[in-house]
Amino acid sequence: MRVPVVAPAGDRAERSVARPFVLSRPHGTVAAEGIDQRFDSASAAADALRSGRVTALTGALPFAPGHPAALTAPHALRHSPAPLETPRPSLPPIRISTALPSEAEHVDRVATALRLLRSDDSDLLKVVLARALVLDAERPVGADDLLAALTRNDPLGNGFAVDLTPAGDVWAGRHLVGSSPEVLVRRQGDRVTAHPLAGSAPRHPDPEVDRATGERLAASAKNLAEHAHVVDALRAALEPLCTDLEIPDRPSLTSTRQLWHLGTPVAGRLRDPGTTALDLALAVHPTPAICGTPTAAARDLILDLEGDRGFYAGALGWCDADGDGEWMVTIRCAVLEPDGVTLTAYAGGGIVAASDPADELAETTVKFGTVLEALGVHS
Ligand SMILES: C=C(O[C@H]1C=CC=C(C(=O)O)[C@@H]1O)C(=O)O
């Protein structure tokens, strides 16, 4: 999957979100107001926060290390204690124009990954492969309207919009929008929490079938194996940074409007109060929920098969002067081009030795539902 490059439109400013960052969550909304400084380097931004040169950071981290981040030090960080409440936006008709790659090519890529996962010559245990859909809106749409549509369509009020301009010229005027159900890491004082998700099944309109589907997922050896990689990686990344790490032995069921997931609530206490939420996000990213195991082998295969993912499968969030903050895994999302009419939506799924290519394709189709349903796109 290559991120399409579209020439910036002259009237970009009119359509950019007034706020460079908004994250709506069930427990509250955080919005950035004004821009003091922009960073394309996460480590430079983390240093600036630690030294007190900036008082807060918001934005997005890319999937691949070394690629530009899109971080903003805002004038102010506004907190409100509820999910974003907005009037229903009036969106133009939006249609799917292109699948990147084609469905057949995605199936081929999964088959390639399976050959490695099943080979004695490879140490690959899990890899998350993704595909993209390019969407065309009939007339220009603003990131704020997409944020409103995504947040209103999520039963819990999850939604985000991030201005990607700090990442440099190619990203100027582009916005990342979505509704992620997955908390990468959250810090409140010395309390650290995370809620990794991996393992999926589609929801069903019939409540009995729906419940049975969830129960089957909770007992599925293939999905439990897929999930265990994520929990193991989080434990390894958080243990040096936390005491009293509590991780249940088995995942529990969690759901979105479109999917059941296996999720594990993780909690611990910070060893060093100087470790910020951004430091924690950089320590745990990329988890095997969006990359794989071992990390380097999975990332190399992803970059080889898909090309640059940009900000899909990265992280987005905020961090304040106390070091508190929340970072979400960048999934169930799309990038809006500066022209306001072109969107690229992304969906991926974890592949393990027991995966089936056709099922994996179907899983990505269901995952696209989060963005497509919210925007009224019919495929
Ligand atoms: C990579 C995605 O989802 C992740 C999060 C939950 C379940 C997943 C799965 O079952 O494969 C993925 O790990 C995505 O939505 O693009």
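I started with an open sheet of three strands, in the order β13-β16-β15, with antiparallel pairing. Strands here are DSSP E runs of at least two residues, helices are H or I runs of at least four, and both are numbered from the N terminus. Two strands pair if DSSP finds at least two bridges between them. The model is predicted, so I kept in mind that local features need pLDDT of at least 70, side-chain atom pairs count only at pLDDT 80 or more, and totals for chains, interfaces and linings use all residues. Residues are numbered from 1 along each chain as its sequence is written.

Which strands sit at the edges? I found β13 (197–202) and β15 (252–255), each pairing on one side only.

Next I followed β15 into β16 (residues 259–263): the two pair in the antiparallel sense over four bridges. They form a hairpin with three residues between them. S255 stands opposite W260 in β16, and L253 has L262 of β16 as its bridge partner.

Then I looked at helix α6 (residues 221–238), which lies across β13 and β16 and runs at about 150 degrees to β13. Angles run from 0 to 180 degrees between N-to-C directions, with axes fitted to C-alpha atoms, for helices over the stretch in contact. Contact means C-beta atoms, placed from the backbone, within 7 Å.

Last, is helix α4 (residues 143–153) mostly covered or mostly uncovered? It is mostly covered, with eight of its eleven residues buried. Buried means 20 or more other C-beta atoms within 10 Å of a residue's own, again placed from the backbone; exposed is 12 or fewer, and partly exposed is in between. I noted L146, L147 and L150 among the buried ones. Their cover includes β1 (21–25) and α9 (357–374).

Methods:
Contact = placed C-beta atoms within 7 Å.
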